[in-house]
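Hello,

Here is the structure we spoke about. My notes follow below it.

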Amino acid sequence: MKKYHFKIPTTLGSKLMLAFASMTFLNLSIGVTTAFIWEELSNKINNIVEHSLPPLNGAYILERSSGNIQTIISNSYKIKDEFDYKKFEVDIKMKL
């Protein structure tokens, strides 16, 4: 029974073929590993966005609305007659 042993190539062509085969194997293994890591990171980011974005969006809407109300109230010094007061009252009620 013959035993097969790996022989180190001695010719330049054999060495180049071995180098090409090993580089191909390394590139494929890095590519597969990168694909798995990329998918895992994508899942984690989607999970974080699902849990964090709705409260941030709600806080943004609340801040924007309160800013609008502050603007309306700060312009209340311009009220000179009853028509302006009614408009002011409608604006406040609509924003609240």
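Helix H2 (residues 82-95) contributes the most to the lining of the largest pocket, giving 4 residues. Helices here are DSSP runs of H or I with at least four residues, strands are runs of E with at least two, and both are numbered from the N terminus. A pocket is an open set of points on a 1 Å grid over the protein atoms alone, where a 1.4 Å probe fits, with protein on both sides within 12 Å along at least five of seven lines; lining residues have an atom within 4 Å of a point.

This is a predicted model, in which local features need pLDDT of at least 70 and side-chain atom pairs pLDDT 80 or more, while totals for chains, interfaces and linings use all residues. Residues are numbered from 1 along each chain, and side-chain values use heavy atoms, without hydrogens and water.

The largest pocket holds about 160 Å³ of space. Its lining consists of Ile72, Asn75, Ser76, Lys78, Ile79, Asp84, Lys87, Phe88 and Asp91.

On the overall form, the chain has 2 helices and 0 strands. Its radius of gyration (over C-alpha atoms) is 35 Å, well over the 12 Å that the globule rule (2.2 Å times the number of residues to the power 0.38) gives for 96 residues, so the chain is more spread out than a compact globule. Along the principal axes, the C-alpha atoms fill a box of roughly 110 × 30 × 15 Å. Buried residues (under 20% relative accessible area, 1.4 Å probe, protein chains only) are 5% of the 96.

Leu96 lies in the segment after H2 and is exposed (over 50%), at a relative accessible area of 74%.

Regards

Notes
Points joined across faces, edges and corners; volume = space filled by probe spheres on them.
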